[in-house]
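Please keep the sequence and coordinates at hand.

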Amino acid sequence: MDYTQQAIHNINGTPKGRCRLKFVDFETRENSISHETQGLSCNHLVVRRGKPFKVTLKSDSCLWNRCTERLVLEVCLGGLYSRFPVLFSEEQSNPQPGDWSATIYPGNMHPQSVTIHICSPVMSSVALYQLLVHIESKQHRISSILGTFVLLCNPWLKDDPVYMPLDVHKEEYIKSDYGLVYMGTTLNVSNRPWAFGQYEPGVLEACLKLLEVSPQHLSDRNKDYILRANPVYLSRVICAMVNCNDDLGVLEGKWQGSYEGGVKPTDWSSSADILLRWASSKYRPVRYGQCWVFASVLCTVMRILGIPSRVVTVFNAAHDGNANLKIKEFYTRTGDKLNMSKDSIWNFHVWVECWMRRPDLGVGCDGWQVVDPTPQKKSAGIFCCGPCPVAAIQEHCLAARYDAPFIYASVDADVTRFIVHNGLGVGRTVDTECVGQLIYTKSIGSDKPENLTLTYKAGKREKPSVSARTLQRPAQMMSLCSASRSSTLEDAAGIMSPGLKVTLKIEGVPKLGESIRMCVTITNQSRSPRVLMEHVSAQMKEYNSNPNETFWKTQGELHIQPSEVRTLHHTILYSEYESLLAGDDIVNLAVVLKDTRTKETLLAAEEFSIRPPQITVEIEGGDSIQMKKEHTALVSFTNSFSKVLSGVVLTVEGCGLLAGKREAELVFLQPGKKIEKKVSIMATSSGTKLLMATLSHSNSPNIISRCYHKVSDCFETTDWQIFGVAEASGDNVYLDECTSSVLGYIRMFMEEDDNKAALRAARKYLSMDIKKEKSTYALKIQGHFNTHDPQSTWKVISHQSNNCRGEENIWKRRSLMGSQGFLETVHTTSCLKTSAIISVPKTSSTSCLNDYHPVALTPVIIVLREVGDEELDVVEDSHQYAYRQNQSTANAIAALTHLEYKDSYMRLLFLNVSSAFNTIIPKKPVWTPAGSTGNLLILMQLDSRLPDVQVTEGQNQRQHILHHHPEHWLSTGLCAQRTAVHANDPQLQSLVVKLADDTVVAGLISHRDELVYRREVEDLTCWCKDNNLIISIQKTKEIVVDFCRTGAISPPLYIEETAV
């Protein structure tokens, strides 16, 4: 909402003992719409750097004397400040790129108020600023504190390093408060919704506080303020502050053991909840987080500060402990994975990509940058990682800042696997495909994943000839005394040509409560039979660590003939893992084959996750809910297991929807039976919310199933573009019809909603904003007109037309909160961008722009002699006149060349004709050929108020109704029946043409001979009388265009004995 703040802090009191300034209006609503910051804060004005914003100063008398005083503004940031004068638009020169500016435009200055447009430099620091005003003269200075405002990065501004060209990208990576985090394994990818929550009250303030308590700010706040203009610096500071390893950061990480005293990382679903807890606890770290929680919180902070960001998941992400770009893994001969290496491969790891330019690295490194807040390693002495260009990783440029080797290893390291037995190395192989096998992020405007793998690994080298998942025993055994000697093993061990080949495949997608089925395929590629010992083992593991103890294993002997392919099937029953595994848990499965004669050993391994049973959530009336209104949600779970579940608990919670938790309990839940919980939810603020449900039972120590359900307020999910499509013709949208449709849509919800106040306000503000936008547009043109700048006057119209070209996603959520986009959708025809436009006074005494008619000379003049026997096309257009389509400009230019001849000039008569009658019967052709002296009669129409027009050919003739056709640009305008009008046949019967206000007669005069022109005016006057059209002589005006230096004054034109 707009808020008006009283300017109560007068620093240097006035000479008369009282402050002239009484109030300051930060125009918060209008500024937030213009700067795309709606909903970010209800406590501060939030604007984006490099774009002007408005502040209105109000007083009970004249604020300052322009003759003896000047107005100066000052912005303060810690010990830094910038003072700059307030100038009128005619005084304002082009400011330097690094300077602040303040401008008063025509129409913004009033006796008791003044509106000032303030613009910050494009490379201003992101921070909370203080704004002061000074009224200065030679004798005194009056200073007042106006208030504070927040300045953010501006991805809408081309000169900003975070500029993002496409609107759909900005909508997804800046404005969207909803995302998806991809988890699991490459064999079973799952996702969980996440509410970034940047529109929750207090979140912006928490993000600003995050910057203020950083070590950089605490050690040197002025230096920190200066460096905050750089998004590279900002991203490093925030990345370190999201974890608490070095500072007063937001989250404390924990990856194993008990989570008592905090929240289990899997229970988080909203960044806002975490940031608000951190701020309210006086900056004590929130417990606990893991990679996707760290990344999601970082993404929220970056989006709030104006840096486009997205959450990215890397499957099979390597953690290179010794920075050699190689990962080592160790297995026993029975397939158990050993914890002998500092390196590890996480089944998935989540980080953030931020969009920015990198002038420190060059153009090739612009674009998406990896920023990883999970505290894994130190970068320049602190726990942060990045920003590192994705393009540098793709091109293997490991010298690029920051942390390129670590990030490269995460997505493209080689994995060396060893089999050991009794401290001896049995074999090794190098896997070049496992790491970074899949990289996902949420697609734009969709819940489907977007595959980013090729953006990181487009230059991937070819696979080695040996199967990456097969380990071969070397000719000699090497001792493995310690992990430090693994390099010796790697150097000495060779990769032999395999006599055997083994693969391991999981059948289907493993589901909790069902048996896990796998098949092992063995191929004997040698010419001799083999006797093999098979060992298969299964270990439970966390996504980011090595496996725990083995919970299932089997072994057996088999005989295989030369060139034989043998497939073995194994099954892990549900009863064998029921007490250990829960939903989304990960299993490491390995099979080891050993030749009893040659001692040759092979290994194949896979990791997969267990899919949990489903929880169902249904919102009464659909997932689009109305804010501040109660809705009912039904949450249910059906026992799909084959056995009875005991001690079943179904829990429902949702930040911004529910206060606390709601639970349903059952002592026993029979197979096929259902447990359900009905809850009342209410959205306390706008934006996307997540309703989370979990299920647990006494048979399992962990939660066996978790469900997230997305709900949004009804206006958030409305496709506003449909209103533009419904009320459009071609590429043009009709403002009035669109407004009516949108208001009707809001009215529909008002009738159904018990709490109508908010919706009434939305409807009210929509109408107000449309009127305000039109008024602002008119004042801008009026300002150029008052400064005698006709070129700028009409350039505004041309710019308005250009803005509407290529607009995407016209109807956004902001359409309800403001109408900035409405006028941008109204099409201004191309003639206004290419015409010579003049102003014709309506009255003898003119005081404002509204007292003039805008007249475009170029497209209105038509050489009718070129029409000949062709058919005359009259095009509907509210801004143009009756002209031949696609030829009007050329013809007009040809006619205007008449002015180049000696002793030639033009007379334009602007007739104001009554439009009281919609039916007229012409008695002579409307279109009249040019006279012998070069005179030209042109009937033009400027008014756009005509709806469907009914016309009649004759007393006993049939009637014609002229309707609007969709292929025409606008629904109203000059309505004329297409007809053949011959210049050489004045008796040809013409169909009806309806004349409206501002019909124009144009005459090209040579040698001061105006006879034909005056006769045409008389004929037209008589024609109007015969057809019941009344000419308002007082409103009819004439303009003479004469470039002759010594031109005589033309005698006035008379209509009905009254001089025009």
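The largest nonpolar core comprises 70 residues, and those with the most contacts inside it are Ile238, Ile274, Trp292 and Leu305. Helix α8 (residues 291-304) gives the most to this core, with 11 residues. Such a core is a set of buried Ala, Val, Leu, Ile, Met, Phe, Trp, Tyr and Cys residues joined through side-chain atoms within 4.5 Å; buried means under 20% relative accessible area, exposed over 50%, and partly exposed in between (1.4 Å probe, protein chains only). Helices (H or I, at least four residues) and strands (E, at least two) are DSSP runs, numbered from the N terminus.

The model is predicted: local features need pLDDT of at least 70, side-chain atom pairs count only at pLDDT 80 or more, and totals for chains, interfaces and linings use all residues. Residues are numbered from 1 along each chain as its sequence is written, and side-chain values use heavy atoms, with hydrogens and water left out.

Helix α6 (residues 231-242) has 12 of its 12 residues buried, Ile238 among them.

Arg236 and Asp403 meet through their side chains in a salt bridge (4.0 Å, N to O), defined as a side-chain nitrogen of Lys or Arg within 4 Å of a carboxyl oxygen of Asp or Glu. Arg236 lies in helix α6 and Asp403 in the loop between α9 (390-394) and α10 (404-412), so the pair ties together parts 167 residues apart in sequence. Both residues, Arg236 and Asp403, are buried. By this rule the count comes to 34 salt bridges.
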